[in-house]
Amino acid sequence: MVRLDGFVHGIYPKSEKLRVRIGRWERGSLSADELNDLIAEETTVYEDLFEGHALHTDPLFSWYDIFRPVVLMSSGMDLGPLTRFEETNTFYRIPQLHGPPSLRIPPDVFHELPENPPLPLYHSRKDPALFLPGPETLFRFSRNVGNLERRTFLEATCLIYAGIVTKLKPARTFIMERVKVDGIALEAISRITDPSGIMLFTTGNLEGNTFSGKQHRFHSIIVDPTRSNLQVARDHSTVPGIKLVDGHNTRMESVDEIRKKAEELSRGMNIERMIVANSDYLDFLPRKIADQKVKLLAGLGE
Amino acid sequence: MADKNLILQEIGSFRKPEYLSKNFHQLEGTEEFNVLAGKATVETLDLFRKSGLENLGVGGEMFRWEMYEALANNIGNLEFYGMVRSFDNRYYRKGSVTGPVVRKHPFHRDELEFLLANTHDRLKLPITGPYTMMDWSFNEYYRDRRELANAYADAINKELRELKEIWDHRRKGEIFEVQIDEPAATTHPSEMDIVVESVNRSFEGISGIEPSIHVCYSIDYAYLYNTMADLKVHGLNLEFANRDTLTLGKGLDHRPGYADLKEYAAMNDTLSRKKFMGLGVTDVHIDDIESVELIKDRIETALDIIGDPSLVRINPDCGLRTRSRETGFEKLRNMALATAAVRKEL
């Protein structure tokens with residue numbers, strides 16, 4: 001029987017207390033320092049949900065959207081207007097690309113940002129996987145006002161990411177690609193850090209030849225749940241991952257349902273260990289439901 | 001006699017007076033609430049009249065807090081687990097459908113009865129559409145999004161049948177104007193067939209009404225225009241001013257926000273029964289009061305494309321609830337003054 005490890009990634013829904021305090025900070029009646037302290041406290045509350053089980057990223061309580069802090073920390077990019085995020089009822093400030101980006105503010109120290117809670121980027125204390133928006137996704141979800149060449153942008157962005165990883169030294173780096181990636185993007189991503197520490201979140205149907213010919217294996221490639229995707233993930237990563245917990249629906253999955261689905265998908269593939277992840281970050285759900293989904297994923301390995 | 005060209009209408013919501021908004025949720029469902037919502041409605045109808053509006057809608061939706069909850073709070077098997085983020089630190093309540101969608105209580109009966117008892121003005125009832133209700137709900141029960149949208153459509157159809165009876169009781173022989181609000185209509189382009197099916201189902205079997213659809217902040221109105229032949233509505237009330245500039249000038253070189261109208265006009269030309277266009281001419285998301293001249297430029301640019309002024313109605317982009325009552329009034333007044341100036345030259 002395949003061993004399943006739960007994994008929770010991305011922006012996590014905030015508690016009511018944190019929402020109220022951020023509102024106060026936005027109105028100027030709470031200092032950025034005080035807000036930063038509260039975000040650290042709330043991050044601890046979030047990590048306690050796992051009780052030591054299941055890998056996770058930082059809950060990113062200080063990220064207003066999955067691109068914003070990265071954009072605000074870098075030169076060569078700024079924020080455009082509020083824009084619908086994919087086909088959801090949520091919105092993000094579309095990044096505007098003016099020139100090859102470079103890091104201008106360190107990620108790990110307190111720093112006030114305009115139109116976003118202050119840095120640091122992460123508040124976890126339990127060595128989580130480090131979350132970064134996929135460079136290809138950042139490019140595709142932006143307005144390329146400077147007519148940057150894609151390869152130039154991807155390489156410059158991955159250089160920023162390499163700087164962040166070098167500074168923070170996480171055991172794992174989680175890269176969220178919400179669009180299809182090709183060989184050029186994969187090359188850039190594999191230079192962020194040792195690929196054996198990278199967890200790559202992919203979207204859509206993967207083609208084996210995109211990954212073949214590479215010298216490296218990723219730690220994990222997390223895929224949409226089809227057998228052909230899982231096969232690519234098995235061939236090119238140490239622990240293949242699969243999205244089996246819906247980040248867009250309040251319906252609760254059960255452990256049995258997940259186990260059954262995982263067994264069906266991996267039948268005959270000789271996979272001993274598999275990561276089970278949320279299909280999207282859980283900030284699309286109410287906090288109460290997200291907490292239940294975390295407990296479910298944390299309990300999978302037991 | 002009322003002019004049939006460039007009818008001046010509002011779209012839906014208007015900022016509530018503080019005496020109503022500050023205790024809205026605490027009072028909702030009580031007799032005191034009905035008194036305060038009624039008072040606010042009368043005041044808003046009066047404000048609309050003074051601004052020059054000809055169709056007064058429902059007096060700014062004083063009986064409703066928000067378009068999703070107005071229906072959701074009256075539907076069975078819809079559970080609320082908490083707030084969901086829209087953007088930054090802004091949140092909304094998104095319900096989860098956990099069983100069959102059933103209309104537990106009427107959605108807008110009190111509001112319509114109050115209006116019919118208190119005014120003889122031309123009215124238009126906005127109601128949140130089935131596709132948007134589906135898209136803004138979690139689906140834990142139905143097989144797919146189509147089934148859920150159609151379930152909402154059935155609940156809306158039941159509501160509209162009852163409202164039509166109430167309407168006929170007071171205004172027999174007069175057309176009942178109903179605007180179905182579908183801000184989510186074009187957010188999933190591959191689902192336009194679900195939009196058409198569920199909207200049509202909402203109006204099915206109800207005669208003596210003038211159905212229209214309101215869509216705003218669309219990624220591309222072409223998705224909507226392409227459904228015009230199948231969508232059983234008499235008109236589209238859309239947002240345009242938000243995508244336009246604030247500088248003066250006529251023609252699409254100066255009015256880029258209205259470029260889409262060419263596609264609408266081309267599609268309309270193919271229809272045996274033409275659909276009117278409710279033209280958004282004032283941006284509800286900015287405090288700038290667009291000048292009479294600017295609005296006139298917008299209307300005339302649209303008329304150059306559409307041709308027949310009886311096919312054009314004039315309205316704000318969306319409900320004005322996000323602006324103060326004073327700003328909202330000034331925007332409506334300039335809209336009416338600009339329309340009057342255009343009519344003189346027709």
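Predicted model: local features only at pLDDT ≥ 70, side-chain atom pairs only at ≥ 80, totals over all residues.

Entry 1. I found 15 residues lining the largest cavity, and A:T90, A:F91, A:Y281, A:D283 and B:R85 are the ones nearest its centre. Two elements give two or more residues to this lining: β4 (91–103) of chain A and β3 (83–87) of chain B. The largest share comes from β3(B), with three residues. Sorted by class, I get nine nonpolar, two polar and four charged residues in the lining. The space inside comes to about 130 Å³.

Entry 2. How many cavities of 30 Å³ or more does the whole structure have? My search turned up two.

Entry 3. Next I looked at two helices of chain B, α11 (residues 292–306) and α12 (residues 325–345). Their axes come within 8 Å and cross at roughly 50 degrees. Are they parallel, perpendicular or oblique to each other? Angles from 65 to 115 degrees would be roughly perpendicular and those under 35 roughly parallel, so α11(B) and α12(B) are oblique. The crossing of α11(B) past α12(B) is right-handed. On the α11(B) side, the contact residues include B:I295, B:I299 and B:L303. On the α12(B) side, B:L337, B:A341 and B:V342 are among them. I sorted this contact by class too: nine nonpolar, two polar and three charged residues.

Methods: Residues numbered from 1 in each chain as written. Chains lettered and ligands numbered in written order. Heavy atoms only, no water. Axes fitted to C-alpha atoms, helices over the stretch in contact; angles between N-to-C directions. Helix = DSSP H or I, 4+ residues; strand = E, 2+ residues; numbered from the N terminus. Parallel < 35°, antiparallel > 145°, perpendicular 65-115°, else oblique. Left-handed = near helix turned anticlockwise from the far one by under 90°. Contact = heavy atoms within 4.5 Å. Nonpolar A, V, L, I, M, F, W, Y, C, P; charged D, E, K, R; others polar. 1 Å grid on protein atoms, 1.4 Å probe; cavity = no way out; pocket = protein on both sides within 12 Å on 5 of 7 lines; lining within 4 Å. Points joined across faces, edges and corners; volume = space filled by probe spheres on them.
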